[in-house]
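Hi,

Here is the structure I promised to pass on. Have a look, and my notes follow below.

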Amino acid sequence: MSFLLLHGWQNRRPPGHWHHWLAAELATAGHDVIYPQLPEPDRPVLADWLAELRTHVAAMPGDDRTVVCHSLSCLLWLHAAAGGEVPLPVDRVLLVAPPGPDVVAGIPEIAGFLPPPMPADRLGAAARHTRLVCSDNDPYCPAGASADFGIPLGIPTTVLPGAAHLDMDAGYGPWPSIRDWCLSDSPDTPLTHRPE
């Protein structure tokens, strides 16, 4: 199995983040893991991040490929899928806590990532299975990611109560259920809260 983990705005892959923990867990289990630092995380440029995505997806070995996106990289994935820029289809994509369009539009540094129109066939062409996990009180997505993305794009969605932006500030370091989801044969494996 191979995995690509893509971070969000202002993220420099800190050791306490669940992404960092997940990368170590998957690598320790013997899987290929790509966890790149995307360029200029404070002032990201969509074209530059898309180029990185294309490069890293193309480098994923094997047939069982999974992409796990957090925050702004969820919108990066949607842009890549909508524009037909995913160089080879992956098996699964997990979108974790995408920021809402109203919030993105109001932050000049990331306004270029506003979610694109999604042609009906593009999401499925980029990945066999796409899943969304979010919270019901994410300050970066006040309308709720289910309403902004899950329902309009037809993406199966798990809502974790009180989990905010599913980041370090919300206590998301080690997160066993996301590791279990990554290693499971089923894209429907439950995603639950981190343990207290």
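Starting with the cysteines: the sulfur of Cys141 lies 7.1 Å from the closest cysteine sulfur, in Cys134, which is too far for a bond. Cys141 is also buried, at 4% relative accessible area (buried means under 20%, exposed over 50%, partly exposed in between, with a 1.4 Å probe and protein chains only). Searching the whole structure turns up zero disulfides (a disulfide being a pair of cysteine sulfur atoms within 2.5 Å). Cys69 is in none either, with the nearest cysteine sulfur, that of Cys74, 5.4 Å away. Cys69 counts as buried at 0% relative accessibility.

Before you go further: this is a predicted model, where local features need pLDDT of at least 70, side-chain atom pairs count only at pLDDT 80 or more, and totals for chains, interfaces and linings use all residues. Residues are numbered from 1 along each chain as its sequence is written, and side-chain values use heavy atoms, leaving out hydrogens and water.

Now the sheet. Six strands form an open sheet in the order E2-E1-E3-E4-E5-E6, with parallel pairing (strands are DSSP E runs of at least two residues, helices H or I runs of at least four, numbered from the N terminus; two strands pair if DSSP finds at least two bridges between them). E2 (32-34) and E6 (157-160) are at the edges with a single partner strand each, so one side of each has no neighbour in the sheet.

Finally, helix H7 (residues 176-183) has Ser177, Ile178, Trp181 and Cys182 buried. Viewed down the axis of H7, the buried residues fall within an arc of 145° (taken from the directions from the helix axis to the C-beta atoms), so they line one face of the helix.

Cheers
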